[in-house]
Amino acid sequence: MSDKPSVLFVCVHNAGRSQMAAAWLSHLSDGHVEVRSAGSSPGDKVNPAAVAVMAEVGIDISAEIPKILTVDAVRESDVCITMGCGDTCPVFPGKRYLDWQLDDPAGQGVEAVRPIRDEIERRVRGLLDELGVPARL
């Protein structure tokens, strides 16, 4: 077991919001948080618009692959953040659950996905502050 806090991001396809959130948290925490992401019904690939807007800020998610949500992923995480997947995330006592209401980038172009990316960054920075982990500038 690690003494680092662990966070799981969950959305339906694990192709947009949760991938961007996981990438932001990995980047901004500089390795001081264990980061996972998953989907209740994973897509075939990460949303190309999400890949493009993250590349604009110097974060490469092009090699990421959507993953299925598992009970173990939830069990092994201190914080579970859902993003539009409803009640599909199993609930365990002692875990912290948050639901981030964010627009779905599926089928959207980069112009529409940029504000979603920026809102996710803002929320991830707030989460790091709550976890007591300094964020990279």
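What is the handedness of the crossing of α1 and α4? The crossing is right-handed, a term for a near helix turned clockwise from the far one by less than a right angle.

## Basis of the report

This is a predicted model, in which local features need pLDDT of at least 70 and side-chain atom pairs count only at pLDDT 80 or more, while totals for chains, interfaces and linings use all residues. Residues are numbered from 1 along each chain as its sequence is written, and side-chain values use heavy atoms, without hydrogens and water.

## Helices α1 and α4

Helix α1 spans residues 17-29 and helix α4 residues 110-131; their axes come within 9 Å and cross at roughly 45°. Axes are lines fitted to C-alpha atoms over the stretch in contact, with angles from 0 to 180 degrees between N-to-C directions. Helices are DSSP runs of H or I with at least four residues, and strands are runs of E with at least two.

Contact means heavy atoms within 4.5 Å. On the α1 side, R17, M20, A21, W24, L25, L28 and S29 meet V113, I116, R117, I120, E121, V124, R125 and L128 of α4.

Strand β3 (residues 79-82) is covered on both faces. V79 and I81 on one side, and C80 and T82 on the other, are all buried (under 20% relative accessible area, with a 1.4 Å probe and protein chains only).

Strand β1 (residues 6-11) pairs with β3 in the parallel sense over four bridges; pairing requires at least two DSSP bridges. Here C80 is the bridge partner of L8. Strand β4 (residues 96-99) also runs parallel to β3, joined by four bridges, and its L98 stands opposite I81.

Notes: Buried < 20%, exposed > 50% of the residue type's maximum accessible area, 1.4 Å probe, protein only.
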